[in-house]
Amino acid sequence: MFTQSHKIATDNCAPHLTPKLAPWMQQLLASSEIIKDWIDLYGSPLHIINDSEFVRNANDLLQPLKSHGLTGNLFFARKANKLPWFVTAAREAGLGVDTASLQEVQETVALGVLPERIIVTAVGKEKRLVTAAIKSGALIVIDNDDELEMVRAISQTLNQSCRIGLRFSGFQLQNRVVFSRFGFPVESFGSLMDSLSTSPQIKLELLHAHIDRYDPEERGAAAHQLIALCDAARERGHSITGIDLGGGILMRYLESSSQWETFLEELLESARENRPSFTYLDDRLGYVKAGPNVVGKPDLYPVWNAISKERFITAVLKYSERGEALYQKLSDRKLSVFFEPGRALLDNTGMTAASVTFRKRDTGGNFLIGLAMNRMNLRPFRAEFCSDPILPINGLREPFKEGAFFVGNLCSESDLIFKRRISITHLPLPEDLVCFANSAGYLAHHMEIGTHGDPLPKNILLETGDFNVKAVV
Ligand SMILES: Cc1ncc(COP(=O)(O)O)c(C=O)c1O
């Protein structure tokens, strides 16, 4: 039915990006008829969750704190996944929770997390959120003067003291300032201290920085500067207990670094038109052709990371300035250190499965595999999530060498699950499965929409150690 296209050679596929698979994912994929049964029951796509990996990640991420003799903890950034199960897992593991909205604060409180373990880092806090946070006793991380004024006013009206942290930005690293639009400029520290001295009901406990780029050096440099501010705040009588270095802790999605390097090289080569394009309608994933040159940079979710998880935290703690390591400075001052990992705590905890709806060609001859899902069901912040889908085979399938684009079920030309042509070994049939590894951090929930009246995808939680479904949301 679908003969090999003459227009599309097999070298028009994107280079392989083999996903890293946790043992439970490998076992589940080996008995993929179970996943098919779940899809029949709960619909496509389906997010499959195994929360036991969360505890393993928490232990790994806390290890560098322990081995450097530091006090502190992790606040799980729950914006990375909406499910209540991870909040419960965080509570049971003794972690805190970082909340980013009124809904998240209310749910986290209702799930029994102690107020001293809840921080509120929401951007653009509204009165209802600040009121709920103060009433609950959670710590509010304040980003700007307007927020500080609102917090001050609400705590006065409620006649209730309020725990706060101050978020800073504008840290110096070598000869540059680390860019951010979040937080107070470090230079405003003195005036902030003056302003807080008139509000004894506001208790400053923590200094905070969340840095956008995934760079341990930027975090290390920020931490050294926050410590200097902690010293100054303590001199002004504030009981600062620690610093919070936010999230952005890297993790690895791929099996091999060499595949990632090859992919990046080939993408640039195709943007330069030195090889056939493997992106849909020559999208180029962030590169732009300007005359004979290629400008810009690839807009890709960071899927290969050489220093990931605990090694990332270790690199931050060991970051030295004037011969003094960060962990030493923290320890000398009895300051705790906190991190707010989202994705790194969710590593290996989730997988998404969808079923094939159709196979066809578009007018350009591109082979399309339609899935019962849309692009927003697996959406990174960036142009492309670079890990290949898995097509478990059940029964005989025709070999298929030409590669395919995976498309969603929205009536939009742009509804592509990936913009790269994926190399596949065989032609799937309608209702066959397509699975996506490691989807729990952001990909599954961050941007999902219920369009065309479709409900949001279901999530199932597996029992630890087997494939019984413990809960469905
Ligand atoms: C303030 C804050 N903390 C924590 C996180 C979690 O980051 P990640 O999931 O990269 O660890 C974010 C993410 O945007 C954030 O804005």
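In what sense, left-handed or right-handed, does H9 pass H11 in their crossing? The account below takes up that question first, and it concerns a predicted model.

## Packing of H9 and H11

The crossing in which H9 passes H11 is right-handed. Helix H9 covers residues 216–235 and helix H11 covers residues 310–318, and their axes come within 8 Å while crossing at roughly 40°. Angles under 35 degrees would count as roughly parallel and those from 65 to 115 as roughly perpendicular, and H9 and H11 are therefore oblique to each other.

On the H9 side the contact is made by Pro216, Arg219, Gly220 and Ala223, and on the H11 side by Phe312, Ala315 and Val316. By class, the residues of this contact between H9 and H11 are five nonpolar, one polar and one charged.

## Domain arrangement

The domain assignment of the chain places residues 10–50 together with 348–472 in domain 1, residues 52–250 together with 304–346 in domain 2, and residues 257–295 in domain 3.

Taken over C-alpha atoms, the centres of domain 1 and domain 3 are separated by 24 Å. The contact between these two domains draws 16 residues from domain 1 and 12 residues from domain 3, and the side of domain 1 that touches domain 3 is made up of eight nonpolar, three polar and five charged residues.

## Surroundings of the ligand

There are 14 residues around the ligand, and of these Ala77, His210, Gly247, Glu340 and Gly342 come nearest. When the residues of this shell around the ligand are sorted by class, five are nonpolar, six are polar and three are charged.

Methods. Residues are numbered from 1 along each chain as its sequence is written. This is a predicted model: local features need pLDDT of at least 70, side-chain atom pairs count only at pLDDT 80 or more; totals for chains, interfaces and linings use all residues. A residue is near a molecule or strand if its C-beta atom, placed from the backbone, lies within 6 Å of it. Ala, Val, Leu, Ile, Met, Phe, Trp, Tyr, Cys and Pro count as nonpolar, Asp, Glu, Lys and Arg as charged, and the others, Gly among them, as polar. Axes are lines fitted to C-alpha atoms, for helices over the stretch in contact, and angles run from 0 to 180 degrees between N-to-C directions. Helices (H or I, at least four residues) and strands (E, at least two) are DSSP runs, numbered from the N terminus. Angles under 35 degrees count as roughly parallel, over 145 as roughly antiparallel, 65 to 115 as roughly perpendicular and the rest as oblique. A crossing is left-handed if the near helix is turned anticlockwise from the far one by less than a right angle, and right-handed if clockwise. Two residues are in contact if their C-beta atoms, placed from the backbone, lie within 7 Å. Domain bounds come from an automatic or database domain assignment.
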